[in-house]
Amino acid sequence: MNIRTLIAGSVLASGAAFAVPASAADVSACLITKTDTNPFFVKMKEGASEEAKKLGVQLKTYAGKVDGDNESQVAAIETCIADHAKGILIAASDTKAIVPSVKKARDAGILVIALDTPLDPIDAADATFATDNMKAGELIGQWAKATVGDKADDAKIAMLDLAVSQPSVGVLRDQGFLQGFGIDLGDPKKWGDETDPRVVGHEVTAGNEEGGRKAMETLLAKDSGINLVYTINEPAAAGAYQALKAVGMQDGVTIVSVDGGCPGVQNVQEGVIGATSQQYPLKMASLGIEAIAKFAEDGSKPQPTEGKSFFDTGVQLVTDKPVDGVESIDTKEGLKLCWG
(Lines give C-alpha, C1' and ligand atoms only; values in the text may rest on other atoms or scores of the structure.)
Protein backbone atom coordinates (compact mmCIF):
# COMPACT_ATOMS: atom_id res chain seq x y z
CA MET A 1 0.00 0.00 0.00
CA ASN A 2 1.31 3.46 -0.86
CA ILE A 3 2.41 5.31 2.29
CA ARG A 4 0.32 8.36 1.41
CA THR A 5 -2.78 6.16 1.30
CA LEU A 6 -1.72 4.42 4.52
CA ILE A 7 -1.25 7.66 6.39
CA ALA A 8 -4.43 9.23 5.13
CA GLY A 9 -6.46 6.16 6.03
CA SER A 10 -4.97 5.77 9.49
CA VAL A 11 -5.42 9.46 10.25
CA LEU A 12 -9.11 9.22 9.49
CA ALA A 13 -9.48 5.94 11.36
CA SER A 14 -7.87 7.27 14.52
CA GLY A 15 -9.67 10.58 14.61
CA ALA A 16 -6.40 12.50 14.31
CA ALA A 17 -7.44 14.52 11.28
CA PHE A 18 -7.97 17.74 13.14
CA ALA A 19 -10.25 20.59 12.16
CA VAL A 20 -7.86 23.37 13.15
CA PRO A 21 -8.93 26.89 14.13
CA ALA A 22 -8.96 29.57 11.45
CA SER A 23 -6.47 31.64 13.43
CA ALA A 24 -3.96 30.47 16.01
CA ALA A 25 -1.99 33.69 16.32
CA ASP A 26 -1.96 33.56 20.12
CA VAL A 27 -0.94 29.90 20.27
CA SER A 28 2.70 29.11 21.00
CA ALA A 29 4.38 25.73 20.72
CA CYS A 30 7.78 24.17 21.35
CA LEU A 31 9.61 21.49 19.39
CA ILE A 32 12.39 19.72 21.30
CA THR A 33 14.50 17.24 19.33
CA LYS A 34 17.43 15.03 20.27
CA THR A 35 19.85 16.97 18.05
CA ASP A 36 19.64 19.58 15.32
CA THR A 37 22.14 17.81 13.03
CA ASN A 38 20.61 14.36 12.38
CA PRO A 39 18.70 14.62 9.06
CA PHE A 40 15.69 12.95 10.68
CA PHE A 41 15.30 15.77 13.19
CA VAL A 42 16.15 18.41 10.60
CA LYS A 43 13.17 17.17 8.58
CA MET A 44 11.03 17.02 11.72
CA LYS A 45 11.84 20.67 12.42
CA GLU A 46 11.01 21.53 8.82
CA GLY A 47 7.63 19.80 9.05
CA ALA A 48 6.74 21.52 12.32
CA SER A 49 7.86 24.93 11.05
CA GLU A 50 5.87 24.65 7.83
CA GLU A 51 2.70 23.58 9.63
CA ALA A 52 3.13 26.27 12.30
CA LYS A 53 3.49 28.94 9.63
CA LYS A 54 0.42 27.60 7.84
CA LEU A 55 -1.68 27.70 11.03
CA GLY A 56 -0.23 30.87 12.51
CA VAL A 57 1.25 29.05 15.51
CA GLN A 58 4.30 30.65 17.13
CA LEU A 59 6.95 27.92 17.22
CA LYS A 60 10.21 27.82 19.17
CA THR A 61 12.66 24.98 18.60
CA TYR A 62 15.27 23.41 20.87
CA ALA A 63 17.67 20.47 20.61
CA GLY A 64 20.18 18.53 22.63
CA LYS A 65 23.87 18.94 21.91
CA VAL A 66 24.18 15.21 21.13
CA ASP A 67 21.82 12.24 21.17
CA GLY A 68 21.39 11.38 24.85
CA ASP A 69 21.60 14.95 26.14
CA ASN A 70 18.73 14.87 28.62
CA GLU A 71 19.86 17.98 30.51
CA SER A 72 19.38 20.27 27.52
CA GLN A 73 15.90 18.84 26.95
CA VAL A 74 14.97 19.40 30.60
CA ALA A 75 16.13 23.02 30.31
CA ALA A 76 14.08 23.43 27.14
CA ILE A 77 10.92 22.20 28.87
CA GLU A 78 11.51 24.67 31.70
CA THR A 79 11.77 27.47 29.14
CA CYS A 80 8.57 26.35 27.42
CA ILE A 81 6.72 26.34 30.75
CA ALA A 82 8.00 29.82 31.57
CA ASP A 83 6.90 31.01 28.12
CA HIS A 84 3.37 29.64 28.71
CA ALA A 85 3.50 27.45 25.62
CA LYS A 86 0.25 25.72 24.74
CA GLY A 87 1.97 22.57 23.58
CA ILE A 88 5.31 20.77 23.49
CA LEU A 89 6.47 18.27 20.87
CA ILE A 90 9.43 16.24 22.11
CA ALA A 91 11.67 13.51 20.73
CA ALA A 92 13.14 12.46 24.06
CA SER A 93 16.78 11.43 24.44
CA ASP A 94 16.18 9.68 27.77
CA THR A 95 12.63 8.38 27.83
CA LYS A 96 12.62 7.72 31.58
CA ALA A 97 14.63 10.65 32.94
CA ILE A 98 12.55 13.22 31.08
CA VAL A 99 9.23 12.05 32.61
CA PRO A 100 9.29 14.33 35.73
CA SER A 101 9.82 17.38 33.52
CA VAL A 102 7.03 16.29 31.20
CA LYS A 103 4.74 15.87 34.20
CA LYS A 104 5.59 19.39 35.34
CA ALA A 105 4.63 20.73 31.92
CA ARG A 106 1.37 18.79 31.83
CA ASP A 107 0.53 19.96 35.37
CA ALA A 108 0.94 23.49 34.02
CA GLY A 109 -1.77 22.78 31.44
CA ILE A 110 0.55 22.20 28.49
CA LEU A 111 -0.24 19.49 25.93
CA VAL A 112 2.83 17.23 25.59
CA ILE A 113 3.19 15.01 22.55
CA ALA A 114 6.07 12.57 22.12
CA LEU A 115 7.41 12.37 18.57
CA ASP A 116 9.22 9.29 17.23
CA THR A 117 10.27 7.99 20.66
CA PRO A 118 7.58 6.91 23.15
CA LEU A 119 8.18 7.94 26.75
CA ASP A 120 8.56 5.31 29.45
CA PRO A 121 5.78 4.82 30.38
CA ILE A 122 4.10 5.82 27.14
CA ASP A 123 1.19 7.49 28.92
CA ALA A 124 3.59 9.98 30.52
CA ALA A 125 2.81 12.08 27.44
CA ASP A 126 -0.67 13.13 26.34
CA ALA A 127 -0.09 11.44 22.98
CA THR A 128 2.61 9.87 20.84
CA PHE A 129 3.05 10.27 17.09
CA ALA A 130 5.59 7.71 15.95
CA THR A 131 6.71 4.98 13.66
CA ASP A 132 5.82 1.50 14.86
CA ASN A 133 9.47 0.93 15.73
CA MET A 134 8.92 -2.72 16.69
CA LYS A 135 7.48 -3.32 13.22
CA ALA A 136 10.35 -1.36 11.63
CA GLY A 137 12.79 -3.71 13.32
CA GLU A 138 10.76 -6.80 12.45
CA LEU A 139 10.71 -5.88 8.77
CA ILE A 140 14.50 -5.69 8.49
CA GLY A 141 14.85 -8.81 10.64
CA GLN A 142 12.47 -10.80 8.42
CA TRP A 143 14.22 -9.51 5.30
CA ALA A 144 17.64 -10.42 6.70
CA LYS A 145 16.54 -13.94 7.62
CA ALA A 146 15.08 -14.56 4.17
CA THR A 147 18.14 -13.05 2.49
CA VAL A 148 20.73 -15.21 4.29
CA GLY A 149 18.46 -18.22 3.83
CA ASP A 150 20.05 -21.52 4.85
CA LYS A 151 22.89 -19.64 6.54
CA ALA A 152 20.57 -18.09 9.14
CA ASP A 153 21.40 -20.76 11.70
CA ASP A 154 25.09 -19.89 11.41
CA ALA A 155 24.73 -16.12 11.36
CA LYS A 156 27.08 -13.96 13.41
CA ILE A 157 25.22 -10.77 14.21
CA ALA A 158 26.56 -7.40 15.35
CA MET A 159 23.99 -5.21 17.10
CA LEU A 160 24.75 -1.48 16.78
CA ASP A 161 22.39 0.23 19.21
CA LEU A 162 21.71 3.83 20.23
CA ALA A 163 22.63 4.57 23.84
CA VAL A 164 23.37 2.84 27.13
CA SER A 165 20.24 4.43 28.62
CA GLN A 166 18.25 2.27 26.20
CA PRO A 167 15.60 4.78 25.07
CA SER A 168 12.42 3.10 23.89
CA VAL A 169 13.06 3.72 20.20
CA GLY A 170 16.34 1.83 20.42
CA VAL A 171 14.89 -1.06 22.39
CA LEU A 172 11.93 -1.47 20.06
CA ARG A 173 14.01 -1.53 16.88
CA ASP A 174 16.61 -3.88 18.38
CA GLN A 175 14.05 -6.32 19.76
CA GLY A 176 11.94 -6.11 16.61
CA PHE A 177 14.95 -7.04 14.48
CA LEU A 178 15.84 -10.02 16.68
CA GLN A 179 12.25 -11.22 16.73
CA GLY A 180 11.96 -10.82 12.96
CA PHE A 181 15.13 -12.85 12.50
CA GLY A 182 13.78 -15.59 14.74
CA ILE A 183 15.89 -15.08 17.84
CA ASP A 184 14.24 -15.60 21.22
CA LEU A 185 14.05 -12.45 23.31
CA GLY A 186 14.83 -12.14 26.99
CA ASP A 187 12.99 -9.19 28.49
CA PRO A 188 11.51 -7.42 25.44
CA LYS A 189 11.70 -4.10 27.30
CA LYS A 190 15.50 -4.04 27.11
CA TRP A 191 18.26 -5.19 24.79
CA GLY A 192 21.32 -7.28 25.52
CA ASP A 193 19.84 -10.11 27.60
CA GLU A 194 19.18 -12.61 24.82
CA THR A 195 21.18 -15.85 25.04
CA ASP A 196 21.32 -16.86 21.36
CA PRO A 197 25.00 -17.44 20.46
CA ARG A 198 24.44 -15.93 17.01
CA VAL A 199 24.44 -12.47 18.61
CA VAL A 200 28.11 -11.46 18.87
CA GLY A 201 27.34 -8.43 21.02
CA HIS A 202 25.81 -4.99 21.38
CA GLU A 203 27.66 -1.69 21.12
CA VAL A 204 26.25 1.85 21.20
CA THR A 205 26.71 4.42 18.43
CA ALA A 206 24.97 7.64 19.58
CA GLY A 207 23.19 7.34 16.24
CA ASN A 208 26.02 8.88 14.24
CA GLU A 209 28.61 7.73 11.69
CA GLU A 210 31.64 7.96 13.96
CA GLY A 211 29.82 5.99 16.65
CA GLY A 212 28.84 3.35 14.11
CA ARG A 213 32.44 2.98 12.94
CA LYS A 214 33.83 2.59 16.46
CA ALA A 215 31.08 0.16 17.50
CA MET A 216 31.74 -1.97 14.42
CA GLU A 217 35.48 -2.00 15.09
CA THR A 218 34.87 -3.12 18.68
CA LEU A 219 32.64 -6.00 17.64
CA LEU A 220 34.97 -7.09 14.82
CA ALA A 221 37.75 -7.31 17.40
CA LYS A 222 35.49 -9.64 19.36
CA ASP A 223 34.58 -11.80 16.35
CA SER A 224 36.03 -11.29 12.87
CA GLY A 225 33.43 -13.65 11.41
CA ILE A 226 30.50 -11.22 11.69
CA ASN A 227 28.31 -11.47 8.58
CA LEU A 228 25.15 -9.54 9.54
CA VAL A 229 24.90 -6.08 11.08
CA TYR A 230 21.82 -4.46 12.62
CA THR A 231 22.10 -0.69 12.99
CA ILE A 232 19.83 1.71 14.89
CA ASN A 233 19.87 4.19 12.00
CA GLU A 234 21.50 4.94 8.66
CA PRO A 235 24.31 7.24 9.89
CA ALA A 236 25.42 4.38 12.18
CA ALA A 237 25.12 2.00 9.21
CA ALA A 238 27.39 4.24 7.13
CA GLY A 239 29.99 4.15 9.89
CA ALA A 240 29.74 0.37 10.19
CA TYR A 241 30.32 0.06 6.45
CA GLN A 242 33.47 2.18 6.66
CA ALA A 243 34.85 -0.07 9.40
CA LEU A 244 34.09 -3.17 7.33
CA LYS A 245 35.59 -1.62 4.20
CA ALA A 246 38.78 -0.77 6.08
CA VAL A 247 39.40 -4.50 6.65
CA GLY A 248 38.12 -5.66 3.25
CA MET A 249 34.88 -7.18 4.58
CA GLN A 250 32.33 -4.89 2.96
CA ASP A 251 31.23 -7.41 0.32
CA GLY A 252 30.66 -10.33 2.69
CA VAL A 253 28.51 -8.62 5.33
CA THR A 254 24.84 -7.63 5.13
CA ILE A 255 23.84 -4.38 6.85
CA VAL A 256 20.25 -3.46 7.73
CA SER A 257 18.94 -0.26 9.25
CA VAL A 258 16.01 2.05 10.01
CA ASP A 259 15.21 5.62 8.93
CA GLY A 260 14.60 6.07 5.20
CA GLY A 261 16.44 9.36 4.83
CA CYS A 262 17.61 10.22 1.31
CA PRO A 263 21.31 9.45 2.02
CA GLY A 264 20.27 6.12 3.56
CA VAL A 265 18.06 5.14 0.63
CA GLN A 266 20.91 6.06 -1.71
CA ASN A 267 23.13 3.74 0.32
CA VAL A 268 20.60 0.97 -0.22
CA GLN A 269 20.66 1.72 -3.95
CA GLU A 270 24.47 1.55 -3.94
CA GLY A 271 24.59 -1.69 -1.94
CA VAL A 272 26.05 -0.23 1.25
CA ILE A 273 22.87 -1.13 3.14
CA GLY A 274 20.82 -4.18 2.16
CA ALA A 275 17.46 -2.90 3.39
CA THR A 276 16.10 -0.13 5.57
CA SER A 277 12.74 0.60 7.18
CA GLN A 278 11.53 4.04 6.10
CA GLN A 279 9.74 6.33 8.54
CA TYR A 280 8.11 9.72 8.05
CA PRO A 281 9.25 12.50 10.44
CA LEU A 282 7.58 15.35 8.57
CA LYS A 283 4.19 13.70 9.10
CA MET A 284 4.88 13.25 12.83
CA ALA A 285 5.75 16.91 13.30
CA SER A 286 2.98 18.40 11.17
CA LEU A 287 0.34 16.31 12.92
CA GLY A 288 1.79 17.42 16.25
CA ILE A 289 1.39 21.11 15.40
CA GLU A 290 -2.17 20.46 14.20
CA ALA A 291 -2.92 18.74 17.51
CA ILE A 292 -1.61 21.69 19.53
CA ALA A 293 -3.71 24.12 17.48
CA LYS A 294 -6.80 21.98 18.04
CA PHE A 295 -6.05 21.68 21.77
CA ALA A 296 -5.79 25.46 21.98
CA GLU A 297 -9.15 25.79 20.25
CA ASP A 298 -11.30 23.39 22.26
CA GLY A 299 -9.14 21.43 24.72
CA SER A 300 -9.40 18.15 22.79
CA LYS A 301 -6.46 15.77 22.66
CA PRO A 302 -5.41 13.44 19.81
CA GLN A 303 -6.36 9.78 19.96
CA PRO A 304 -4.11 6.81 19.12
CA THR A 305 -4.47 4.56 16.11
CA GLU A 306 -7.10 1.90 16.78
CA GLY A 307 -5.58 -1.08 18.58
CA LYS A 308 -2.35 0.76 19.46
CA SER A 309 -1.14 2.98 22.30
CA PHE A 310 0.18 5.63 19.87
CA PHE A 311 -0.67 7.23 16.55
CA ASP A 312 1.13 5.21 13.89
CA THR A 313 2.67 7.42 11.18
CA GLY A 314 3.63 4.48 8.96
CA VAL A 315 6.69 2.45 7.96
CA GLN A 316 7.80 0.68 4.78
CA LEU A 317 10.73 -1.59 3.95
CA VAL A 318 13.01 -0.20 1.22
CA THR A 319 15.23 -2.61 -0.71
CA ASP A 320 16.22 -3.46 -4.27
CA LYS A 321 16.45 -7.12 -3.30
CA PRO A 322 12.87 -8.05 -2.34
CA VAL A 323 12.10 -11.38 -0.66
CA ASP A 324 8.95 -13.46 -0.60
CA GLY A 325 6.66 -12.80 2.34
CA VAL A 326 8.04 -9.35 3.25
CA GLU A 327 6.30 -6.43 1.59
CA SER A 328 8.69 -3.76 0.35
CA ILE A 329 9.22 -0.86 -2.03
CA ASP A 330 12.30 -0.30 -4.19
CA THR A 331 14.75 2.56 -3.89
CA LYS A 332 13.13 4.51 -6.74
CA GLU A 333 9.93 4.75 -4.70
CA GLY A 334 11.92 5.21 -1.50
CA LEU A 335 13.73 8.23 -2.98
CA LYS A 336 10.37 9.81 -3.81
CA LEU A 337 9.34 9.53 -0.15
CA CYS A 338 12.68 10.13 1.57
CA TRP A 339 13.82 13.13 3.60
CA GLY A 340 17.07 14.84 4.48
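Start where α3 begins: a side-chain oxygen of Asp69 comes to within 3.5 Å of the backbone nitrogen of Glu71. Keep in mind that this is a predicted model.

Next, select residues 70-82, which make up α3. The helix has 13 residues and spans 19 Å from its first C-alpha to its last, close to the 18 Å expected at 1.5 Å a residue. Within α3, colour the buried residues: Asn70, Ser72, Gln73, Ala76, Ile77, Cys80 and Ile81. Then step just past α3 to His84, where phi is positive, at about 60°.

Now turn to the rings. Across the whole structure, a search finds five aromatic pairs. One of them is Phe40 with Phe41, an edge-to-face pair with 5.2 Å centre to centre and 90° between the planes. Both Phe40 and Phe41 are buried.

Move on to Phe129 and Phe311. Their ring centres are 5.4 Å apart and their planes stand at 80°, so this pair is edge-to-face as well. Show the strands too: Phe129 is in β5 (residues 127-130) and Phe311 in β11 (residues 311-312), so the pair ties together parts 182 residues apart in sequence. Phe129 counts as buried because its relative accessibility is 0%, and Phe311, also at 0%, counts as buried.

Notes: Residues are numbered from 1 along each chain as its sequence is written. This is a predicted model: local features need pLDDT of at least 70, side-chain atom pairs count only at pLDDT 80 or more; totals for chains, interfaces and linings use all residues. Side-chain values use heavy atoms; hydrogens and water are left out. Helices (H or I, at least four residues) and strands (E, at least two) are DSSP runs, numbered from the N terminus. The expected span of a helix is 1.5 Å times one less than its number of residues. Buried means under 20% relative accessible area, exposed over 50%, partly exposed in between (1.4 Å probe, protein chains only). A polar contact is a pair of N or O atoms within 3.5 Å; within protein, one must be able to donate a hydrogen and the other to accept it, and residues adjacent in sequence count only if both atoms are side-chain atoms. Rings of Phe, Tyr and Trp (its six-membered ring) pair if their centres lie within 6.5 Å; planes under 30 degrees apart count as stacked, over 60 as edge-to-face and the rest as tilted.
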